[in-house]
Amino acid sequence: MSRPIVLLLGEPPIYQTELWKAFEANFRVVRDTSSSRDAFIAALKENKFGAVSAILKPSVEAGNIPSPWNKDLISLLPPSVRLFSAAGAGFDYLDLPSLNARDITFTNGRGAGDTATSDLALYLILSVFRLTSYAEFGARSGDPKVFDEVHNEIAKKAVNPKGRVLGAVGLGAIQKEIVRKVGYTGLGMKVLYYDVVRASPEVEEKLQAEYVADLLELARRSDCISVSVPYLDSTHHLINKEFLDAMKPGSRIVNTSRGKVIHEAELVSALESGHLLSAGLDVHYDEPKVLPKLIAMRNVTLTAHIGGVAQDTHSEFERLCLTNVDNFLRTNEPLLTEV
């Protein structure tokens, strides 16, 4: 019996080496080496990869040449394709309805980066309360006068998170971890949350989180907003001028979801006016470009979308991707992370 063909996008797994050896024994892996999206499209049209049963993308950073996976590209896939198994929690690079219309199942790497991303969010929350990026600027200036000026200015503006209110926009798996780390048993913050689907009473009790049914009411009552929602049509510019204006004067915002969830120009205006004291952004509107106005702001902490970027995360991405393909094509076990 011939082995099912799996199309590998990007590099082979580097952490789950034993699992990869077994995988190669069970499947015929064909690796895409296209140098451009056009070349990948040409390879599909020429049926270069054969009767592919599954597409495997075990890394977020690699295998992105074919993107975006829009309707036109998906229409060129061989009719034999039944599964697309990808690393990463987000899938804004992919037209999921078009994939589903072809009866192709999609799995991602949700859960793998929850610890890493929530840790990064915790860092950003501390940073926006204590203005640590500005403090680092003062120390790195090498100028004693600047050092003292920064020290004295921060002393007039910084406060501790303890006793303040965190407003959680979204209460998915990552945000639950954020809430757990900043709540009464962590940083000592009171937590409010808004989500399109309210959590169960058991979850609210466990997290000691209070549900707020209106997004603007959440903005009005919070000292710091944590944004952690998937990027969908419904969440594009979810955080806009109306929301930002509703926030308390001198409050803060942290984003570890996707850049376009926040209307960037309106965020800049809120920061420039002083209505918002600070912001912590791991994700950006036009990645990998970062807005120069934000770069120049010393009250804004910027990171390079490193929320889930840890070896532990990548190892788990690989395990999930490989196991999902194996379960789907060989063992008939349940998929771990079907979307």
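Me: Why does His-284 count as buried?
Reply: His-284 has 7% relative accessibility. Buried means under 20% relative accessible area, exposed over 50%, and partly exposed in between (1.4 Å probe, protein chains only). Since 7% is under 20%, His-284 is buried.

Me: Before we go on, what kind of model is this?
Reply: It is a predicted model, in which local features need pLDDT of at least 70 and side-chain atom pairs pLDDT 80 or more, while totals for chains, interfaces and linings use all residues. Residues are numbered from 1 along each chain as its sequence is written, and side-chain values use heavy atoms, leaving out hydrogens and water.

Me: What does the side chain of His-284 reach?
Reply: The side chain of His-284 reaches the backbone oxygen of Thr-303 at 2.8 Å.

Me: Where does His-284 lie?
Reply: His-284 lies in the loop between strand S11 (276-281) and helix H13 (292-295). Helices (H or I, at least four residues) and strands (E, at least two) are DSSP runs, numbered from the N terminus.

Me: What makes Phe-23 and Phe-27 a tilted pair?
Reply: The structure holds 9 aromatic pairs. In this one, the ring centres of Phe-23 and Phe-27 are 4.7 Å apart and the planes meet at 45°. Rings of Phe, Tyr and Trp (its six-membered ring) pair if their centres lie within 6.5 Å; planes under 30 degrees apart count as stacked, over 60 as edge-to-face and the rest as tilted.

Me: Why are Arg-221 and Glu-210 said to tie together parts of the sequence?
Reply: Start with the bridge itself: the closest N and O atoms of Arg-221 and Glu-210 are 3.1 Å apart. A salt bridge is a side-chain nitrogen of Lys or Arg within 4 Å of a carboxyl oxygen of Asp or Glu, so 3.1 Å qualifies. Arg-221 lies in helix H10 (residues 215-221) and Glu-210 in strand S8 (residues 209-211), so the pair joins parts 11 residues apart in sequence.

Me: Why is Arg-221 called partly exposed?
Reply: Arg-221 has 30% relative accessibility.

Me: What about Asp-326: buried or exposed?
Reply: The relative accessible area of Asp-326 is 15%, which is under 20%, so Asp-326 is buried. Arg-330, at 44%, falls in between and counts as partly exposed. The side chains of Asp-326 and Arg-330 meet in a salt bridge at 2.7 Å, N to O. Both lie in helix H14 (residues 311-331), 4 residues apart, about one turn of the helix.

Methods
Polar contact = N/O pair within 3.5 Å; in protein donor to acceptor, adjacent residues only side chain to side chain.
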